[in-house]
Amino acid sequence: MFNVIEGGKFIDLCVSGHALLDDIDDHIDQWHDSEGDDKLNEYLGMSPEEYETWLHAPETLHLIITSRVNHVPLISALASSYDLPMAARASSPDAAKFLMKWLSTKEQ
């Protein structure tokens, strides 16, 4: 585990190689301990779209980072990753339903 760099947004730290995906819990703990007014998605450096996706399907965190690294829309990273049936890849039936509905509402 990397040390949490003060003031760095989790997503930016992952993109720059200064944090691992597993470090998200440390950043959430820091948010709970902070006295700031940031919402969790802001504190982590996630857009509302990224945050909603991560909340419903936490296993997509690596795709959020991938989309940032490759400078592609999240929907493109999700669509290319979920070429296989989503029910077989999602962590739960609810996550699969959310992703299928969300992908169908987005344009590439």
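Predicted model: local features only at pLDDT ≥ 70, side-chain atom pairs only at ≥ 80, totals over all residues.
Q: What percentage of the residues in the protein is buried?
A: A residue counts as buried when its relative accessible area is under 20%. The protein has 108 residues, and the share of them that is buried comes to 38%.

Q: Which residues of helix 6 are buried?
A: Helix 6 covers residues 74-81 and is mostly covered, with six of its eight residues buried. By name, the buried residues of helix 6 are L74, I75, A77, L78, A79 and S81.

Q: Is helix 5 roughly parallel or oblique to helix 6?
A: Two packed helices are described by the angle between their axes and the distance between the axes. The axes of helix 5, which spans residues 61-69, and helix 6 come within 8 Å and cross at roughly 125 degrees. That angle makes the relation of helix 5 to helix 6 oblique.

Q: Is the crossing of helix 5 with helix 6 left-handed or right-handed, and which residues make the contact?
A: Helix 5 passes helix 6 in a crossing that is right-handed. By class, the contact of helix 5 with helix 6 has five nonpolar, two polar and no charged residues. The residues that make this contact are L63, I64 and S67 of helix 5, together with L74, A77, L78 and S81 of helix 6.

Q: What is the phi of H71 near, and where is the place of H71?
A: Most residues other than glycine have a negative phi. H71 is a residue other than glycine, yet its phi is a positive value, near 55 degrees. The place of H71 is in the loop between helix 5 and helix 6.

Q: Does H71 count as buried or exposed?
A: The cut-off for an exposed residue is a relative accessible area over 50%. Because its relative accessibility is 74%, H71 counts as exposed.

Q: Does N41 count as buried or exposed, and which residues does N41 touch?
A: N41 has its place in helix 3, which spans residues 40-44. Since its relative accessibility is 11%, N41 counts as buried. Not counting residues up to four places away in sequence, N41 touches M46, S47, P48 and Y51.

Methods: Residues numbered from 1 in each chain as written. Heavy atoms only, no water. Buried < 20%, exposed > 50% of the residue type's maximum accessible area, 1.4 Å probe, protein only. Helix = DSSP H or I, 4+ residues; strand = E, 2+ residues; numbered from the N terminus. Axes fitted to C-alpha atoms, helices over the stretch in contact; angles between N-to-C directions. Parallel < 35°, antiparallel > 145°, perpendicular 65-115°, else oblique. Left-handed = near helix turned anticlockwise from the far one by under 90°. Contact = heavy atoms within 4.5 Å. Nonpolar A, V, L, I, M, F, W, Y, C, P; charged D, E, K, R; others polar.
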